[in-house]
Amino acid sequence: MRRPRVLIDLVPIRPGKGGAGSGVWTHALRLIQELDRSDAARDLDIRVLINADQRVHFASLKRVRVHRFPGLGGNALVRLVWIHTFLPLVCLLLRARVLHKVATEVPLFCTTRRVTTVHDFFGEVMWEQGAMQRGIGDRYFAWITKVCFAKSKAVITVSNAIREEARERFPNTRAEVIAIHNGADLPEKLSPKLRTAERVILCVAKLMPYKGQMEALEAFSVLLNEHPEWNGRARLVLHGFNNDHAYTEALNARMAQAPLTGAVEMRGYGHHNTLSEIYAGADVFLFLTQYEGFGLPVVESQALGIPVLCSDLPVLREVGGDGAIYVDRNDPRAIADRLHALLTDDDLRERMIAAGSSNAKRFSWRKMAEETATVYRAACV
């Protein structure tokens with residue numbers, strides 16, 4: 001009996017780019033790798049549709065078959081043609097039973113059963129809060145999200161928090177909405193830090209207002225003002241893609257003001273940086289985001305033995321568990337107080353490191369792939 005064929009479409013994704021090239025790309029890449037390595041989908045015929053820029057990442061696949069297509073070049077019109085015209089035809093030609101879209105954009109018309117992964121509702125949340133205006137592209141994605149919940153047989157969310165938000169936003173959807181946590185790469189602990197007087201507070205996130213770098217600067221300023229002993233002995237590092245030029249300029253302007261002058265460093269991502277290289281030297285991980293679908297940097301920090309201080313959001317409590325300290329992102333004095341405690345209280349640091357390490361072990365890409373394969377099987381019926 002022929003195994004049911006599942007297509008996973010990665011063609012629109014550009015590795016190493018922001019947005020759908022960062023968290024979504026990590027999710028998709030690790031999903032394919034684990035489906036190929038494990039027995040999770042042995043009874044399924046898994047095919048992945050990729051573009052030319054992605055081929056190096058899939059050169060060693062053994063079980064999952066690759067179909068390569070030209071890249072879309074970031075062209076919105078070409079993307080629309082691929083999603084809504086060519087992709088349904090590819091599904092027909094390859095006789096696919098299930099099409100998995102790893103981000104919300106799904107074909108409007110397609111005879112193949114659709115499974116869609118929804119990572120968050122960022123655009124909707126920012127528009128509702130007045131943080132951004134909707135352009136043509138934003139209106140399209142708001143519409144295509146409705147199509148996703150109307151047309152998909154199953155919708156996978158990366159956290160319970162996003163699943164509940166999905167149910168609130170689309171209470172009448174006929175799709176089964178299933179939460180499957182992202183995994184996390186759990187490398188060896190970081191090499192012991194050289195004992196120096198300097199302490200490093202690290203923020204890892206793309207440079208956008210909702211990610212909280214400005215809030216981090218304000219809290220760090222309070223720390224230096226109220227605890228002058230940290231002047232010259234503490235450094236704040238902002239590490240991330242420059243996704244918003246105006247915001248980056250605003251951050252640079254604030255960094256030039258006392259007492260932050262010379263105490264803050266901004267680092268851009270290197271496409272080939274390992275997790276250990278990104279997080280090396282950090283004494284505290286600070287994550288003051290306003291909204292997340294999962295919050296992978298929290299788990300990455302915990303796995304690397306770095307104590308975490310982050311926004312008090314339901315999704316971060318879900319992901320960070322007992323291995324993080326939660327704080328109101330809009331209260332710079334409270335943030336500064338907790339930073340000071342993590343920098344000075346060795347017992348607190350050790351407790352948070354131990355709790356974080358234990359919590360990070362809950363997340364596995366292998367488990368994510370196995371649970372996703374179960375969704376494929378159900379969609380085939």
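1. Helices (H or I, at least four residues) and strands (E, at least two) are taken here as DSSP runs, numbered from the N terminus. By that naming, His119 sits in the loop between β5 and α3 (122-128).

2. The model is predicted, so local features need pLDDT of at least 70 and side-chain atom pairs count only at pLDDT 80 or more, while totals for chains, interfaces and linings use all residues. Residues are numbered from 1 along each chain as its sequence is written, and side-chain values use heavy atoms, with hydrogens and water left out.

3. His119 counts as buried because its relative accessibility is 12%; buried means under 20% relative accessible area, exposed over 50%, and partly exposed in between (1.4 Å probe, protein chains only). A polar atom of the His119 side chain lies 2.8 Å from the backbone oxygen of Val102. Not counting residues up to four places away in sequence, His119 touches Val24, His27, Val102, Val158, Ile162 and Gly293; contact means heavy atoms within 4.5 Å.

4. The model has an open sheet of 7 strands with parallel pairing, in the order β3-β2-β1-β4-β5-β6-β7. Its edge strands, β3 (65-69) and β7 (176-179), each pair on one side only. Neighbouring strands of this sheet are turned by 20° against each other on average, direction ignored. Two strands pair if DSSP finds at least two bridges between them. Axes are lines fitted to C-alpha atoms, for helices over the stretch in contact, and angles run from 0 to 180 degrees between N-to-C directions.

5. Within the sheet, β5 (residues 113-118) and β6 (residues 154-157) pair in the parallel sense over 4 bridges. Thr117 has Ile156 as its bridge partner in β6. Helix α1 (residues 23-37) packs on the sheet and touches β1 (5-9), β2 (45-51), β4 (98-101) and β5. The direction of α1 makes about 150° with that of β1.

6. Helix α2 (residues 76-93) lies across β1, β2, β3 and β4, and runs at about 155° to β1. Arg95 is in the loop between α2 and β4. Its phi is positive, about 55°, although Arg95 is not a glycine. Arg95 counts as exposed, because its relative accessibility is 54%.

7. Asp45 belongs to strand β2. It counts as buried because its relative accessibility is 10%. The Asp45 side chain makes a polar contact with the side chain of Arg5 (2.7 Å). A polar contact is a pair of N or O atoms within 3.5 Å; within protein, one must be able to donate a hydrogen and the other to accept it, and residues adjacent in sequence count only if both atoms are side-chain atoms. Leaving aside neighbours within four places in sequence, Asp45 is in contact with Arg3, Pro4, Arg5 and Val6.

8. The peptide bond from Ala258 to Pro259 is cis, with omega near 0°. Pro259 is in the loop between α7 (245-255) and β10 (264-267).

9. Helix α13 (residues 365-380) has 16 residues and reaches 23 Å from its first C-alpha to its last, close to the 22 Å expected (1.5 Å times one less than its number of residues). Its buried residues are Trp365, Met368, Ala369, Thr372, Ala373, Val375, Tyr376, Ala379 and Cys380. They are on the same side of α13 because they cover an arc of only 155° around the axis, the arc being that of the directions from the helix axis to the C-beta atoms. Ser364 caps the N-terminal end of α13, with a side-chain oxygen 3.2 Å from the backbone nitrogen of Arg366.
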